[in-house]
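Subject: Structure handover

Hello,

Here is the structure I promised to pass on. Please open it alongside this note.

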Amino acid sequence: MINIAVLGYGTVGSGVVEVININHESINKRVGEEVNVKYVLDLREFPGDPVQEILVHDYNVILNDPEVKIVVEVMGGVNPAYTFVKSALEAGKSVCTSNKELVAAHGAELLAIAKEKNVNFLFEASVGGGIPIIRPLNQSLTADEITEITGILNGTTNYILSKMTDEGSDFDSVLKIAQEKGYAERNPEADVEGYDACRKIAILTSLALGKQVDYQDIHTEGITKITDAEIKYAKALGGSIKLLGMSKFENGTTYSMVAPFIIGGDHPLATVSGVFNGIFINGNVLGDTMFYGRGAGKLPTASAVVADVVDAARHLDTNIMTIWDSEKVTLGDMSSFECRYFVRTNSKEAEVEAAFGDVQYVTVDGLNEVAFVTEKMAEGDFEAKAKELDVIYRLRTAF
């Protein structure tokens, strides 16, 4: 029997227990012996729930029990999760987590401890919920040099933008609906300002490079300034607006950002709508590949966590090598990042052409302004030229 402990009995934690109970027989078969949830740690009580029989309130009960071989951390946040996870690894217990904040901040350090102690730190569910992406980056795509990772990494913002596009609703109205449906938190800042997606692209980029990418260094914009006007212009261009987490690896330089982009209808991520996530990867040998699925939710996320539990159980006393060193990556200066830009302005066409030369104009009925798409150019050059105009709003494009 392999005993595990679950830290946190919220949405994902209760899902982990549920998945193990539902698929107990097949999980045991894949592991080769029985997987047993010996403890669940939570500060609350759950009267009437069978979990009460294994509920503990003191983490030291778990830490000091030599029978617990795997700890599942689904508490969220950095503290006290970091303290709990680090001490578990140092005690020779493998850890599986869905905690993107923890992984983005301390992934390299915790992986190093796991390697030293010959145990495992696994975090498939930290990016993309139930979408398998960490393991493919760590194992399946290792023959390739990754040239690009671009993803719709946050279901809340994708739901909001999809709803605005399909129904013509404004941001505030759709956000309220998302909160009522449970797709958005009461305080949605981490989602709508891009912070959640930022941590996820930091994790993916760190794995692709095998070095530390600090999420604080990643240029991050949210979707709160997107209006119905931008949505209409995107449609006029045959595309849509998506919040993308993007890293491009060009000539030894890594450009990483989170921002809303207008993408064309033929873009691999164009059809990813609602609360779904999609992650597009380009490798120099494989070419393009896509990962798609539910990026959040109780059971999809729990499924990914339990898959890590199975992996850890099958590799007791054997470290699964993950290359992610603490050496920090210096990201490329955004002023040299190149793309095309969509611009709304109160300036005249003659002023636009004086600043940008040949552009692609876009018109939408009822909007008395000038809108255009530039040629591909460096961001620094764009910003310098844009100062000559009365810009209402600008968006990067990915077409």
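Below is what turned up, from the overall build down to single residues.

**Overall build**

First, a caution: this is a predicted model. The protein has 399 residues, and 56% of them count as buried. It contains 14 helices and 17 strands. The radius of gyration is 23 Å, while a compact globule with 399 residues would come out near 21 Å, so the two agree. Along the principal axes, the C-alpha atoms fill a box of roughly 75 × 45 × 30 Å.

Taking contacts with a separation of 6 or more, 72% are between residues 24 or more positions apart.

The accessible surface is about 17,300 Å². Carbon and sulfur atoms make up 46% of that surface. On charge, there are 35 positive and 57 negative side chains. The centres of these two sets lie 2 Å apart.

How many disulfides does a search of the whole structure find? C198 is in no disulfide, and the nearest cysteine sulfur, that of C339, is 18 Å away. Since a disulfide needs two cysteine sulfur atoms within 2.5 Å, that distance of 18 Å rules out a pair for C198.

Is C198 buried or exposed? C198 has a relative accessible area of 4%, so it is buried. C96 is buried too, with a relative accessible area of 0%.

The peptide bond between N79 and P80 is cis, with omega at about 10 degrees. P80 sits in the loop between β4 (68-73) and α4. As a reminder, most peptide bonds are trans.

Helix α4 itself covers residues 81-90. Seven of its 10 residues are buried, so the rest of the structure largely encloses it. Which residues of α4 are buried? They are A81, Y82, F84, V85, S87, A88 and L89. Just after α4 comes G92, with a positive phi of about 85 degrees.

Most residues other than glycine have a negative phi. Two residues to check here are N118 and D317.

- N118 has a positive phi, near 60 degrees. It lies in the loop between α5 (100-117) and β6 (121-122). Its relative accessible area is 34%, so N118 is partly exposed.
- D317 has a positive phi, near 65 degrees. Its loop runs between α12 (298-314) and β13 (338-345). With a relative accessible area of 62%, D317 is exposed.

V35 lies in strand β2 (residues 35-41). Its relative accessible area is 1%, so V35 is buried. What does V35 touch, leaving out residues up to four places away in sequence? The list is I2, I4, I20, H24, I27, N28 and V309. V35 and D166 are 131 residues apart along the chain, and their C-alpha atoms are separated by 45 Å.

F249 belongs to strand β9 (residues 239-250). F249 has a relative accessible area of 14%; the cut-off for buried is under 20%, so F249 is buried. Not counting residues up to four places away in sequence, F249 touches I146, T147, E148, I149, T205, A208, L209 and T254. From F249 to N284 is 35 residues in sequence and 11 Å in space, C-alpha to C-alpha.

**An exposed glycine**

G366 is in the loop between β14 (360-362) and β15 (370-373). Its relative accessibility is 82%, so G366 counts as exposed.

**Where to look in the viewer**

- the cis bond joining N79 and P80;
- helix α4, largely enclosed by the rest of the structure;
- the loop residues N118 and D317;
- the contacts of V35 and F249.

Over to you.

Best wishes

Technical notes
Residues numbered from 1 in each chain as written. Predicted model: local features only at pLDDT ≥ 70, side-chain atom pairs only at ≥ 80, totals over all residues. Heavy atoms only, no water. Buried < 20%, exposed > 50% of the residue type's maximum accessible area, 1.4 Å probe, protein only. Helix = DSSP H or I, 4+ residues; strand = E, 2+ residues; numbered from the N terminus. Rg over C-alpha atoms; globule rule 2.2 N^0.38 Å. Contact = heavy atoms within 4.5 Å. Areas by Shrake-Rupley, 256 points an atom, 1.4 Å probe, with all protein chains shown as cover. Lys, Arg positive; Asp, Glu negative; His and termini not counted. Charge placed at Lys NZ, Arg CZ, Asp CG, Glu CD.
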